[in-house]
Amino acid sequence: MQIITGIESHRWTKKTAVTLGKFDGLHRGHQKLVNRIMEYKSPECDSVLCAFDMGRDSLMTKTERKQRLEGKIDYLVEYPFTRALREMEAEEFIDRILCGTLHASHIVVGTDFHFGYQKKGNTAMLADFAESRGYTLDVIEKEQYQGRVISSSYIKEALSRGEVELANELFGYPYEMSGIVEHGKRLGRTLGFPTMNIEPGEHKILPRFGVYACRVQIDGKWYDAIGNAGIKPTVTNEHKRLLEVFVFDYEGDAYGKEIRAQFCAFERPETKFASVEELKNQVMRDIRFGEEYFQKS
């Protein structure tokens, strides 16, 4: 898979099967679009996903999106949502971008896809232009879960309440974050619970601040763990967003290593304790919660 920033930096010579959208996270609805363009892949036709970069808080970093798409599609286009793009007339977008630059032979979008200045372009317009511009159009129905359409906003609602198991169901895989293990105050080590701190990306959404059962990957191996997502109010006033994990059965030194942490189940909200001793007692209860969770799962 090749990654391109803006379509102007690449010259397509083949026909393409294209899907477009914000792709803020690759949830089960997005996966239907990806699977359809993959069906059109051939020696004569490349599969292309255009992800419009809105620059907002996101469910997925660019690196995570790349990892999820690797080995599936031919091209991932990271398309900055510039003023020029925002003000481009819908017909010009079809002629200049979809047909002129991408050589779209197949266009795959969701039912609510809009494009062009003031969002005047929609699936009906794409259908009207299909025959004259020489492409086919697939409009994919929304994926639903228990009667509600799966969307990024639905997932963000679930995460804001700490409902990571629901979010994982909507994604089709666990919500996760990754980062380089940072040096902290080493308080956990003095308490007998050595922890690892990783910082989310600037726009990466953390779930509700609190303690979770987690799975953590270190050096390619997965471990059970508990993690606190938040700002650690008992021990610092920095208000720096972190995920702090205590990894069961890990004896090594992970400082400077990149690790991945998956959120499995919410235990309790983040709390400011009156003393370090009170914090230590609660961490022991948190560990029991994590151990019991993974024994049952």
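**View 1. In this cysteine pair, the sulfur of Cys214 lies 6.4 Å from the closest cysteine sulfur, which belongs to Cys264, and this is too far for a bond.** The model is a predicted one, in which local features require a pLDDT of at least 70 and side-chain atom pairs count only at pLDDT 80 or more, while totals for chains, interfaces and linings use all residues. Residues are numbered from 1 along each chain as its sequence is written, and side-chain values use heavy atoms, with hydrogens and water left out. A disulfide is taken here as a pair of cysteine sulfur atoms within 2.5 Å, and the structure holds 0 of them. Cys214 has a relative accessibility of 0% and counts as buried, a term that stands for under 20% relative accessible area, with exposed meaning over 50% and partly exposed in between (1.4 Å probe, protein chains only). Cys264, at 12% relative accessibility, also counts as buried.

**View 2. Strand S12 (221–230) is joined by antiparallel bridges to S11 and to S13.** Helices (H or I, at least four residues) and strands (E, at least two) are DSSP runs, numbered from the N terminus, and two strands are said to pair if DSSP finds at least two bridges between them. S11 and S12 are joined by 9 bridges, and Ile218 stands opposite Lys221 in S12. Strand S13 (residues 242–247) is joined to S12 by 6 bridges, with Ala225 placed opposite Val247 in S13. S12 is mostly covered, since 7 of its 10 residues are buried. The hairpin of S11 and S12 has 2 residues between the strands, and in it Asp219 takes a positive phi near 50°, a positive value in a residue other than glycine. At 58% relative accessibility, Asp219 counts as exposed.

**View 3. Phe23, in the loop between strand S2 (15–21) and H1, is in contact with His30.** The phi of Phe23 is near 50°, a positive value although the residue is not glycine, and its relative accessibility of 3% counts as buried. His30 lies in helix H1 and counts as buried at 11% relative accessibility. When neighbours within four places in sequence are left aside, His30 is in contact (heavy atoms within 4.5 Å) with Phe23, Asp24, Gly25 and Ser152.

**View 4. Helix H6 (residues 152–160) has Ser152, Tyr154, Ile155, Ala158 and Leu159 as its buried residues.** These residues cover an arc of only 160° around the axis, which puts them on the same side of H6; the arc is that of the directions from the helix axis to the C-beta atoms. An α-helix has 3.6 residues a turn, so residues three or four places apart point the same way. The cover over the buried residues of H6 includes helix H1 (28–39), strand S7 (144–145), strand S8 (148–149) and helix H7 (164–171). The charged end of Arg148 sits over the ring of Tyr154, at 3.9 Å from the ring centre, where such a placement requires NZ of Lys or CZ of Arg within 6 Å of the ring centre and within 35 degrees of the ring normal. H6 is followed by Gly162, whose phi is positive, near 80°.

**View 5. Aromatic rings form 13 pairs in this model, among them Phe52 with Tyr79.** Rings of Phe, Tyr and Trp (its six-membered ring) pair if their centres lie within 6.5 Å, and planes under 30 degrees apart count as stacked, over 60 as edge-to-face and the rest as tilted. The ring centres of Phe52 and Tyr79 are 5.5 Å apart and their planes lie at 45°, so the pair is tilted. Phe52 belongs to strand S3 (residues 45–53) and Tyr79 to strand S4 (residues 75–80), so the pair ties together parts that are 27 residues apart in sequence. Phe52 counts as buried at 11% relative accessibility, and Tyr79 is likewise buried, with a relative accessible area of 5%.

**View 6. A cluster of Phe171, Tyr173, Tyr175, Tyr212, Phe263 and Phe266 is linked by ring pairs.** One of these rings, that of Tyr173, has the charged end of Arg68 sitting over it, 3.7 Å from the ring centre.
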